[in-house]
Amino acid sequence: MSYSNHSSPHQARKRFGQNFLVDQNVIDRIVRAIRPNDYEQHIEVGPGLGALTLPLLEQTKKLTVIELDRDIIPKLTALCQTNQPQAELTVISQDVLTVDFSTLAGSERIRVIGNLPYNISSPLLFHLMRHLSVIKDMHFMLQKEVVDRIVAAPDTEHYGRLSVMLQFYCHAEKLFTVGSHAFNPPPKVESAIIRLVPHTDAPITVSDMAIFSEVVKAAFAQRRKMLRNTLKILLDEASIEKAGVDPQARAETLSLSAFAALSECVHSRRLQGIE
C-alpha cells in the first residue's frame, strides 16, 4: 500500500498493493506518533503520492524514500519540489526486499517508516530484522491482523511464529487502528499502526539464532499439535522435558524463554553430534 492525501489521476496498481491514504486526520496522527525531527535520518518505504512524505519533509527537511513503481516517482518528486522546495528528497527505485539498509545509515541509526504492502509485510519485517544494528525504530501501517499477531501474548488467539520472532528482536506496540474508509481505493481489511523498537538487550539468551528460528518454525508448523509431535525431528520427549517444557504443550502456550530453552537443547545436542 502507498500513501497519498492528494487527488491524482494515478491509478492504484493491485500488483504493487497500492491503496492511497486520503484521511488527513489519520496522516496527522501518524506523524504525531513518529515525532520526526531534522537531526535524525528517516527512510520511508512506499511513499506513493506523498501523503506522509510531505509532512515528514516539513519537519525533517531531508528524507530517503524507497518506491518500486517507477511511474509514480516523477509525480512524487514534482509534488515535493512544489510543496517543499527547500527539502532534500532522495529516491531509491528498488524492490525494498533487496535494499541493504545497513548501507543507508550514516553516523546515526535510521528511523524506518512505511505503509507496507500486505503481500510482502512479513518478508520485509524479517528482512529488516537483519539490519537492526542500524535502526533506531520503525513505524508501520500493516494489516490489523498482522499487527495483532506481532503484539500477541502467549496462549492467545493471534500468538504465533511472527509474535515470537519479532518480540525477540523488538519491543512491539500497537498504536491505533485505521479503518478502510481512510484509503482510496478502500482495502477489504482494517489496518493498524505499530511501533517497533529494537531491544538494547535481548530479552532472552540464544546461542544460535538459526536454531532458535528453526525450533519456532517447527513448533508452529502444526500449531494444534503437541510439541512431542511437532518437534520430534529435533528433540525427543525426554529432551523436551529436560529443557523444562511439557512435551504435551502446544507452541501457542510457550513464552520466549521456553523457546530459548528448547533452542539451547537442540544446540547442545548438535554440538555433541546427537541428532
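Predicted model: local features only at pLDDT ≥ 70, side-chain atom pairs only at ≥ 80, totals over all residues.

1. Helix α6, which spans residues 161-169, and helix α7, which spans residues 209-221, have axes that come within 9 Å and cross at roughly 155 degrees. Because angles over 145 degrees count as roughly antiparallel, α6 is described as roughly antiparallel to α7.

2. On the α6 side of this pair, the residues involved are R161, V164, M165, F168 and Y169, and they meet M209, F212, S213, V216, K217 and F220 in α7. Sorted by class, the contact of α6 with α7 has 8 nonpolar residues, together with 1 polar and 2 charged ones.

3. D148 belongs to helix α5, residues 144-151, and its relative accessibility is 13%, so D148 counts as buried. When residues up to four places away in sequence are not counted, D148 touches H158 and K174; with K174 there is also a polar contact between the two side chains, at 2.9 Å.

4. As for the placement of D148 relative to D208, the two are 60 residues apart in sequence, and their C-alpha atoms are 27 Å apart in space.

5. T230 lies in helix α8, which covers residues 227-230. At a relative accessibility of 8%, T230 falls under the 20% limit and therefore counts as buried. With its neighbours within four places in sequence left aside, T230 is in contact with A218, A219, Q222 and K225.

How values were computed. Residues numbered from 1 in each chain as written. Heavy atoms only, no water. Helix = DSSP H or I, 4+ residues; strand = E, 2+ residues; numbered from the N terminus. Buried < 20%, exposed > 50% of the residue type's maximum accessible area, 1.4 Å probe, protein only. Contact = heavy atoms within 4.5 Å. Polar contact = N/O pair within 3.5 Å; in protein donor to acceptor, adjacent residues only side chain to side chain. Axes fitted to C-alpha atoms, helices over the stretch in contact; angles between N-to-C directions. Parallel < 35°, antiparallel > 145°, perpendicular 65-115°, else oblique. Nonpolar A, V, L, I, M, F, W, Y, C, P; charged D, E, K, R; others polar.
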